[in-house]
Amino acid sequence: MRKTSCIAAGLLASASPVWAQEAPIIVTAPGGAIDLDEARKLDPQALDIAGKRDLGRALERGVPGLTLAEATGNPWQAAITWRGFSASALQGAEQGLAVYLDGVRFNQPFGDVVLLDLVPEMALSGAQINEANPVLGRNALAGSLLLTTHDGTSLPGLRMQADLDTVGSVGGSASLGVGDKADNALIVAEARHDDGWRVASPSTLKRVFAKAVHDAGTWGVEVQGLAADTDLTGNGVAPVELLDARWKAVFTAPDVTHTRFARVVAAPWIAAGDTGRVELRAHWQTLTRRSANGDLADFGACEDDAGFLCLGDDGEFEEPLLSGGARVAVAPAVDEYAVFNRGRERTRSGGAMLQWLDERETRNGTRRLALGASWERARTRFAATSELGELERDRSVEGLGLILESEDGGITPVDVVSRMTDIALFASAEVPLTRGLTVEAGARWSRNTVRLDDRLGDALDGSHRFSRLNPSIEFDYALGAGVRASAGFALTSRNPTPAELSCADPDSPCTLANFFIADPPLKAMTARNWHAGVAGDAGALSWRVNGWRSDTSNDIRMIASEVRGRAYFANLGASRRQGIEASADWRQGGWRLSGSYAFTDARFRGGFAISSPSNPEADEDGLIAVQRGDRLPGVPRHSLNLYAGRSHACPLRPAPAGRRGQRQSPDPRLRDIRPDGPHRCGPRDRTGGRTAQRAEPALRDDGHVLRNRRDQTGRSAGCGESARLCSRCTEKADGFGKRPVLNTPRVIPGSARDLGQGPRHLALRRSIAVARRGLSPEGTPTVPDQVRDDGYKRAWREAYAGREVLSSPVIPGSTRDLGQGPRPPCVEAQRCSGPARAIA
């Protein structure tokens, strides 16, 4: 029969106002552990909940109000939409989410797009969505998505997986993790081919991720690399009349994108005192994308000379088409003209983020400080052409070899180099003012410069500069046991990207934002964000309700041109997005029931006229009149997610023993340990009592009890006959009688502290230290009584008073500390012969 492991940590009390920490702080973005209480988190189990790793679908299921939009019909080119903003692979989407992978920005510098096909999904260990906060970088209008990856200890051993489905998708992955917390390495390889459910829609993905970690205790370094090679087909939407004839049909083909990507990250760090750390994250990456798509074109015989082709609309063709400076003649053999657009993008970028982080315990709670700077530089060369084509009977486009340009510049070849530089300073602080009230504040100053160099002339030459200071503030208040409230404000902004700055002239539109022209300047988009909410945790049930509002100005929008398939960017007034999100999650005995609902209301705050010549509601000039109060298109108003299921997943088995004092993966005999430390379910102990299904609200996600909990009626969480939380209990005799007292601090098996990923509490470290020196907690000589080689010290005897203090610390480097062999079972409450003495 399996037994639940137990780590007893001694008596809790402290006379000093601050407890130091001794393990490094884990960083996932600028600002470190900022806004942890507000984040929506997904663990590896949530990422795999559908049986196959799918980041987009997992986010859609786990985050209220988050939806996926697949305008291209390809799941790896989907747009993640949350609160009316997107993280999309397509230019022209309402980009408004900053994405980080292991603390390094993943939005591509050229257009701020997010390429989900490059994300190493099988290597991901978690994901979280944060509220809008300027510290998390540019383009965090609605918030940020933080992705973290496994290492050799969290994904140990050799693992292989393969799958296939009935619509032509086949793929698999293999991973190998070795080492311990001090030195480990991981490599993950993935491959997939998908024929797609539509005609001529195949996609192929190949990705490799590698990471190596060295942790010497006071310093360390992490090096990781990512390489991806993908071929995606996204044939886009089709007219309903065509779909009525054949559901799998595509409007035009091909529409393919070939991407090659490589990134290297080096992250050395060094401890700064007992509670801080200084970290540098430097990265270099290269991205090459080639696209080819065939589209219909408004070409026809010129009005003034039917022997030549002209560009026009509604049967009127007046703008001559040129190729090599000469007019293009009509080809009698061509039934329907089309255009074959080709684009090539090559980006080289790099940057670094240096920050100092400090995290320590105070009388009122955890205090966190962060101060840092970031620098990023990117160079992109983009070239594009339009080739005259013919639409074939299978709706594919065949190029005819003539590179086109129009007399008035509506169609023209492009070859441009953009250089982007971004410098930022940021600071954040989380300060507990009282035991119930915490204030979080932050600010970010940035200076962004974009320079354009036209390789075919000087029409695109230009320079743009943007500088801003954005602040934020939030208050968190504990309303009661397990119930907390929060409210905050943040000012965020998004600078125009090189792609948008180069495509802002309505007289010279771009082909789907892939071509560039001489441009009038665009203004930076800003957002004022408010949010407030209440969250609770009652036994097996956790719940959360919050409301939010985001008012934006200088909105950057893509506007359709009168030329088919072309558009341009412009600042169009202001808009308001607001809504309510509610979620509940019940877990017990391996069972889980959860549900979430979100209401999003997104509307324009000003009226304007916008070009949309293909819209059936457009007037004779091809314009749509937008009124104040009209809803923003493409934003789901209601979102509902429900889930019911049962999991029998066990934590990962421990890796081989490592260096002294370093802890491995969770004990393989433990079942269903929640990531935040408390038990979800567990086996029966020796007394026949059932282990607790959920810990006290006082338990922190690092595994330690925040403060001593005592019930004057004689019952206390963790000390009852049927509610054991694997900690030692004692009975204290005083004027009120005998009352069980939970000996804290203690470590919850499977939590971050149990795995060596964070500091143990001062009392535990102090008790270990004094045991090594042969002293009592007060510094007097002791008689070591039965110190066992498995790392547990059974008792201490205070020489000067004859009183016995019960304690069971784990000796660093012992077999129990390294996760080898069974830990002793939870024991019955012990009795002290005198008053329990604090360890200061």
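This is a predicted model: local features need pLDDT of at least 70, side-chain atom pairs count only at pLDDT 80 or more; totals for chains, interfaces and linings use all residues.
E318 sits in strand β19, which covers residues 316–323. Is E318 buried or exposed? E318 counts as exposed, because its relative accessibility is 57% and the cut-off for exposed is over 50%.

Which strands supply at least two residues each? β21, β22 and β26 do. For orientation on the model, β21 is 337–362, β22 is 365–391 and β26 is 437–454.

R447 belongs to strand β26. R447 has 34% relative accessibility, so R447 counts as partly exposed.

Next, the nonpolar surface. L541, W543, V545, I580, W586, W591 and L593 make up a nonpolar patch. Together they have about 630 Å² of accessible area. The elements giving two or more residues to this patch are β31, β34 and β35. On the chain, that is 541–553 for β31, 574–588 for β34 and 591–604 for β35. Which element gives the most? That is β31, with 3 residues.

L541 is one of the residues of the nonpolar patch. L541 is placed in β31. L541 counts as partly exposed, because its relative accessibility is 34%.

Now look at how these strands pair. β34 and β35 run antiparallel. How many bridges join β34 to β35? There are 14. These two strands form a hairpin, with 2 residues between them. In that hairpin, G589 takes a positive phi, near 60°. At the pairing itself, Q588 stands opposite W591 of β35. W591 is also a member of the nonpolar patch.

β35 has another pairing to look at. β35 pairs with strand β38, residues 638–646. The sense is antiparallel, over 9 bridges. Find Y597 on your screen: Y597 stands opposite L640 in β38.

To recap. The nonpolar patch draws on β31, β34 and β35. β35 is joined to β34 by 14 bridges and pairs with β38 over 9 bridges.

Notes
Residues are numbered from 1 along each chain as its sequence is written. Side-chain values use heavy atoms; hydrogens and water are left out. Patches are made of residues with over 30% relative accessible area and no salt bridge: like charges are joined within 9 Å, nonpolar side chains (Val, Leu, Ile, Met, Phe, Trp, Tyr) within 5 Å. Accessible areas come from the Shrake-Rupley method with a 1.4 Å probe; for residues, only the protein chains shown count as cover. A salt bridge is a side-chain nitrogen of Lys or Arg within 4 Å of a carboxyl oxygen of Asp or Glu. Helices (H or I, at least four residues) and strands (E, at least two) are DSSP runs, numbered from the N terminus. Buried means under 20% relative accessible area, exposed over 50%, partly exposed in between (1.4 Å probe, protein chains only). Two strands pair if DSSP finds at least two bridges between them.
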